[in-house]
Amino acid sequence: MNAYSVVANRLVWFLPTLLGLLAVVFVLARIVPSDPAVLAAGENASAEQVQETRDRLGFDRPLLEQFVEYLREVARGDLGTSVYTQQPIIRDLAERLPATLELTFVGVLAAALIGVPLGVLSALHRNSWLDHMLRLASVLLIGVAPFWIAMQLQMLFSMQLGWLPLSGRIDDVAPEAVTSLITIDALLAGDLQLFLSALRHLVLPALTLALPGGAVVMRFTRTAVLDAVTSPSVAYQTAMGLPRRVIVWKYILRSALTSTVTQLGLVFGISITGAVVIEAVFEWPGLGTYAARSILHSDYNAVMGVTLCAGIVFAISNLLVDLLQMVIDPRGVK
Amino acid sequence: MTALLEIRDLCLAFRTDKGPAQVLDGVDLTVAPGEIVGLVGESGSGKTSLARAILGALPVPQAEIASGRIRLDGVDMLRGGKAAESLRGRVVTFVPQDPLDSFNPLFRVGTQLADIMRYRAPPAKEGRFGNARHARETAILEMLDAVQLPQSRALLDRYPHQLSGGQRQRVMLAMALLPQPRMIIADEPTAALDVTVQVQILGLLRRIAAERGVAILFTTHDLGAAWEICDRIIVMYAGQIAEILPRTAFFAKSRHPYTRMLLASLPEPGREAIGISGESASPLSPPPGCRFHPRCPMASDICRKARPLPSRSEDGHLVACHHPWAAASSPAHV
């Protein structure tokens with residue numbers, strides 16, 4: 001297998017996966033016992049107006065017909081209009097996805113930077129008090145609800161210590177959108193003040209993602225390192241007297257990273273979907289808050305749009321993980 | 001002649017769930033500079049553990065060295081700390097049993113050679129305009145040439161799994177030679193190879209030892225292989241030394257019943273191979289007296305009670321047996 005066939009293989013499965021995902025969400029959204037037409041028509045609408053809205057939006061037609069119609073629109077690049085924002089959904093998504101991506105990228109990066117070294121240390125000092133403490137902490141962080149972590153961080157760092165902003169993405173006006181990732185746009189605009197402000201806003205929500213994510217990464221890294229430590233190649237290198245630091249941080253780490261990278265891909269996917277809760281706590285204007293509001297308003301097309309968007313991001317992150325695996329473990333590569 | 005390697009009364013046990021397993025019991029041996037010594041015995045005779053003890057590559061938590069000492073080049077290898085550490089991979093190097101497992105599969109062969117060269121070999125001579133890296137690469141290529149690996153430059157870019165078994169073991173040999181050691185410990189270096197390749201590797205080992213004056217301690221269960229290249233053979237049984245034969249005494253003048261039975265078990269044209277009945281002594285509960293007595297046709301009462309003390313003849317031939325064969329008798333019928 002080379003890189004091209006990996007990409008091709010992923011692409012072949014990409015469309016059927018998305019189709020299946022959309023079908024499930026389409027049906028689920030319509031099982032929910034609420035009438036979108038009533039909500040869409042407005043609070044004071046008469047029965048006739050509601051019926052008229054229902055006709056216009058096609059909610060009384062057969063489910064399959066609605067689904068095929070929806071797919072036809074999507075294929076044309078039209079995700080419909082949000083009943084709530086009255087904007088094309090694709091524009092809503094384009095505004096909000098970068099905020100979520102920025103948060104998730106920083107969160108996953110921090111998870112890796114926290115999880116990998118601690119996992120290695122934990123494995124090397126197996127059954128020491130450090131190992132026990134780290135494992136206990138990881139179980140707690142994985143077990144505790146993310147919104148609770150978020151609120152504890154807010155109370156400590158912004159309300160008590162006042163070091164970091166409580167919520168939001170930026171204090172001032174956002175810089176000119178080039179990448180729509182505010183930190184990078186601020187750097188591109190050469191505005192250091194703005195960059196630091198954006199960074200300070202990122203810290204707490206990213207940490208909320210990174211703590212449980214880092215705990216997962218740490219546990220998998222620990223297991224992988226323990227495997228590698230007892231491998232014959234490490235026994236050989238030890239017998240040959242290679243310095244311990246070279247054996248650990250060059251050879252063992254690389255072996256351990258193959259499983260860590262897979263975990264990072266999963267953490268990324270979970271973070272995108274888990275963003276709903278964290279974005280709500282931090283009033284982060286991303287995909288998560290949009291998804292939550294769309295569901296509450298039975299904004300079907302918006303829910304479908306978010307699903308599609310998350311599915312595509314997930315697929316891309318899986319592809320990147322596959323490619324990264326090939327870089328780390330070149331055995332399968334011709 | 002001062003010994004390069006001197007082992008005195010070495011006792012080694014592994015902690016197991018069923019109690020301590022006595023792997024080595026009172027082992028005495030010496031290896032002179034430039035000498036090739038074969039350690040022969042069945043699986044479980046302790047030959048690999050002996051080799052690993054010298055290299056400090058025992059499974060640390062389970063292994064317990066009860067008594068004895070290992071001195072290499074005057075340094076205590078068991079309690080020598082940093083001094084012993086610095087000998088490993090410099091004065092004494094290692095050729096492992098399974099070359100494929102002993103490489104890290106994720107790194108190019110060239111990288112692994114370069115790290116041995118960089119951390120264990122004496123600094124390569126620098127040319128007037130050369131840098132250290134370039135000098136190291138030259139030294140590696142010369143060494144690959146010496147172990148008869150043609151097109152060595154292309155080989156450096158390959159991964160271990162892309163090499164043949166013979167190529168891998170030649171690279172291992174090169175890695176063992178790069179530090180310019182005084183002694184190589186080769187643990188069944190041909191066990192994973194085809195018969196034709198075995199002969200080549202053994203020949204190479206013998207020639208290199210002679211050319212460079214390197215001593216070799218070579219474990220094998222293959223008496224034929226030992227006879228091909230060794231100056232002396234040490235026959236081990238159940239963690240004890242049964243017989244030490246100088247080159248002149250190979251085959252014809254062996255005196256220990258176990259050695260004779262081992263020889264008789266070799267297939268040879270015109271003669272039935274005779275197996276040794278019974279099972280190898282369990283290290284968990286070794287038989288009292290001579291450990292071989294349950295399987296020995298010549299066993300008498302004293303064999304069941306007292307451990308035979310080694311007796312040495314003037315040509316260096318040593319045998320630990322209450323009823324050894326007379327030195328001159330023919331080994332044909334046992």
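Tutor: Quick ground rules: residues count from 1 along each chain as its sequence is written, and chains are lettered from A and ligands numbered from 1 in the order written. Since the model is predicted, local features need pLDDT of at least 70, side-chain atom pairs count only at pLDDT 80 or more, and totals for chains, interfaces and linings use all residues.

Student: Why is A:Asn127 called exposed?
Tutor: Count the C-beta atoms, which are placed from the backbone: 20 or more others within 10 Å means buried, 12 or fewer means exposed, and in between is partly exposed. A:Asn127 has 10 others within 10 Å, so it is exposed. This residue sits in the loop between helix H5 (89-124) and helix H6 (129-143) of chain A; helices here are DSSP runs of H or I with at least four residues, strands are E runs of at least two, and both are numbered from the N terminus. The phi of A:Asn127 is positive, near 65°, in a residue other than glycine.

Student: And what makes B:Gln180 partly exposed?
Tutor: B:Gln180 has 15 C-beta neighbours inside 10 Å, so it counts as partly exposed. Its place is the loop between helix H7 (165-177) and strand E7 (183-187) of chain B. B:Gln180 has a positive phi too, about 55°, although it is not a glycine.

Student: How do you know that helix H1 of chain B is largely enclosed?
Tutor: Because 8 of the 9 residues in this helix (residues 47-55) are buried, it is largely enclosed by the rest of the structure. Among them are B:Leu50, B:Ile54 and B:Leu55. After H1(B) comes B:Gly56, with a positive phi near 65°.

Student: Why are H4(B) and H5(B) called roughly perpendicular?
Tutor: Helix H4 (residues 109-120) and helix H5 (residues 132-146) of chain B pack at about 115°, with axes 10 Å apart. Axes are lines fitted to C-alpha atoms, for helices over the stretch in contact, and angles run from 0 to 180 degrees between N-to-C directions. Under 35 degrees is roughly parallel, over 145 roughly antiparallel, 65 to 115 roughly perpendicular, and the rest oblique. H4(B) and H5(B) are therefore roughly perpendicular.

Student: What makes up the contact between them?
Tutor: Contact means C-beta atoms, placed from the backbone, within 7 Å. H4(B) brings B:Leu113, B:Ala114, B:Met117 and B:Arg118, while H5(B) brings B:Arg136, B:Ala139 and B:Ile140. They divide into 5 nonpolar, no polar and 2 charged. Nonpolar covers Ala, Val, Leu, Ile, Met, Phe, Trp, Tyr, Cys and Pro; charged covers Asp, Glu, Lys and Arg; the others, Gly among them, are polar.

Student: Why is H1(A) called roughly antiparallel to H13(A)?
Tutor: Helix H1 (residues 3-31) of chain A and H13(A) pack at about 155°, their axes 9 Å apart. That angle makes H1(A) roughly antiparallel to H13(A). Their contact residues divide into 18 nonpolar, 4 polar and 2 charged.

Methods. Contact = placed C-beta atoms within 7 Å.
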